[in-house]
Amino acid sequence: MPSLDFRDFLGQLEQQGQLVRLSDEILPEPDVRAVARAAADMVDTGPAVVMDNIKGYKGKKLAVNVHGSWANYAIMMGMPKTTSLKEMFYELARRWESSAGEVKWVTNPVCQQNVITSNINLYEILPLYRINPYDGGFYFSKASVITRDPEYPGNLDKTNVGLYRMQVHGPDTIGLNIQPAHDIGTHLRKAEENNQPLPIAICLGVHPMLSVMACTPLAYGQSEFKFAAALDGRTQELAKALTCDLDLPAGTEIILEGEVVPRQRTAEGPFGEMPGCYSALRSQYRIKVKAVTHRNDPIMESLYVGMPWTEHDTLVGLSTCVPLYQQLRETMPEVTAVNALYQHGLTVIVAVDNKFGHYAKTVAMRLASTPHGVSYCKNIILVDGSVDPFDLPQVMWALSTRVRPDKDVIVIHPTRGHPSDPSSEPPGISGKVIIDATTPAYPDKTGPEYRLIDKVENSDLFRQKLQELQRLVSGRKLEPTTV
Amino acid sequence: MQCARCLADTASVVAHAPDGSGAWEMIYCARCNFSWRTSDEDQYINPARREQIFQYEGLDLETLPTVMPIAPLRK
């Protein structure tokens, strides 16, 4: 059953044993970090964790690892929590192709049950913690940030919801790390060209599918709200902001409304990032907070990001795969699946049926020129359509037995890269490597003939039988064996 | 108060533990924007123990790398 808002989703997780509450007294540093890291380490089945006894913040609630396991992701999709990655990928792709989702506006939203407009002190209102020890301060790592193209007032399709890191810079000020390729980068540039502040809303604890869409590479004119509704199968409820004309997710736990100050930059960073290293101290934008609104008894949300695998990887993984898959299939229907789970798609595995010799390499170049592929998609691996790109032993088999080093490895350099990739030098400049592990096709020389060994008949049936036997053995108390 | 990171005399207490327990104070540097809690682990807030790669003594704010330079004003 699709969820209505963040709090409903936590209830669903708890019902299915995928949420735990930690009420022991813990320190904000280093304990919260250790709890979030531990939960994220349980990649397949790790629970969400709600803490309410953080020293100094007693009674304030903080949730981590809400999207931190594939089991939680499956529950968000309304699927059994043991659903395989490949099944979730195809289900997400199917819903993606369905009709656009609906939104509706509500009045008196729960996100505005409480309003603070004076003496705002974010360090005291929110249970903040230092995510990695050498972070430059206290960060929002899982905020859905809403801005609108200033040339299109009131236009929901020109509104962006994005997930960006933000550093609290004093009681009511926030640093904002933005790349020019982000949609919000376009909004900021336009506002700054006219010396205008850009209205902004920072949403903490949003509908789980909206969090997913906030880090999905949609096209500029596509609405994250409508996509979240389409993928969730339920209308997204919106409300008007109190200080500007932005539209906000009505069921959000906590919202910070403010403005990006034009034509000013300030020191921001370092921050432990998704490639598993700290990004540098850089000059970035500054936000002035004008209002804080929240539900009664609000639940702040955060995620641990650092050395992979973390909640960040689970949150962005499948929704990075699907748009790349869709964009490739618009002109290349031979593509059967895309695995872009690794570091937001810095490494991508594409399964494709080779319709003629070296066709897969053309697919790789198409991938590199998609909007996301420009900065990401650095290492592009191509495997036959019959290979499951989510099954790494199969991918390794293809690499081991298909790649001809003289013909199937192509390096393109320099190209745009991602500044957070530590191998990008200077930051933002990188290259592409294409590794074609597909079976050669005519007119390419196909090499000596060989015959693949068929899949063993009935092995699936016997696997089920063996698993049953294994369950029986593990549930039985064994008597000591005597010789 | 001296900043634990840039060592300038530009830091001050900006918040206290909101539950009234006195568990910690929050300190913020208005120059380099570093902030820390008095209950943070000593190795990360003591300038003598912090890794040098994360120290910014003499930081020149004007020459920090920027990802998005300020756009020219539209005429």
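Predicted model: local features only at pLDDT ≥ 70, side-chain atom pairs only at ≥ 80, totals over all residues.
**Ground rules.** Residues count from 1 along each chain as its sequence is written, chains are lettered from A and ligands numbered from 1, in the order in which they are written. Local features need pLDDT of at least 70 and side-chain atom pairs count only at pLDDT 80 or more, while totals for chains, interfaces and linings use all residues.

**Entry 1: chain A overall.** I looked up the helices and strands first. Chain A has 13 helices and 24 strands. These are DSSP runs, numbered from the N terminus: helices are H or I with at least four residues, strands are E with at least two. Next I checked the radius of gyration, taken over C-alpha atoms. For chain A it is 24 Å, close to the 23 Å that the globule rule gives for 483 residues, so chain A is as compact as a globular protein of that length. The rule is 2.2 Å times the number of residues to the power 0.38. Along the principal axes, the C-alpha trace of chain A spans about 75 × 70 × 45 Å.

I then looked up burial. In chain A, 52% of the 483 residues count as buried. Buried takes 20 or more other C-beta atoms within 10 Å of a residue's own, exposed 12 or fewer, and partly exposed lies in between; C-beta atoms are placed from the backbone.

**Entry 2: where A meets B.** The contact takes 46 residues from chain A and 34 residues from chain B. Two residues are in contact if their C-beta atoms, placed from the backbone, lie within 7 Å. α6(A) gives the most to chain A's side, with five residues.

**Entry 3: a sheet in chain A.** I traced an open sheet of three strands, in the order β4-β12-β13 (chain A), with mixed pairing. Strands pair if DSSP finds at least two bridges between them. The edge strands are β4 (103-105) and β13 (247-249) of chain A. β4(A) and β12(A) (residues 236-240) run parallel, joined by three bridges. Val103(A) stands opposite Gln236(A) in β12(A).

**Entry 4: Val13(B).** I ended on one residue of chain B. Val13(B) sits in strand β1 (residues 11-16) of chain B. Is Val13(B) buried or exposed? Val13(B) is exposed, because 11 other C-beta atoms lie within 10 Å. Leaving aside neighbours within four places in sequence, Val13(B) is in contact with Glu25(B), Met26(B) and Ile27(B). The C-alpha atoms of Val13(B) and Met1(B) are separated by 8.5 Å.
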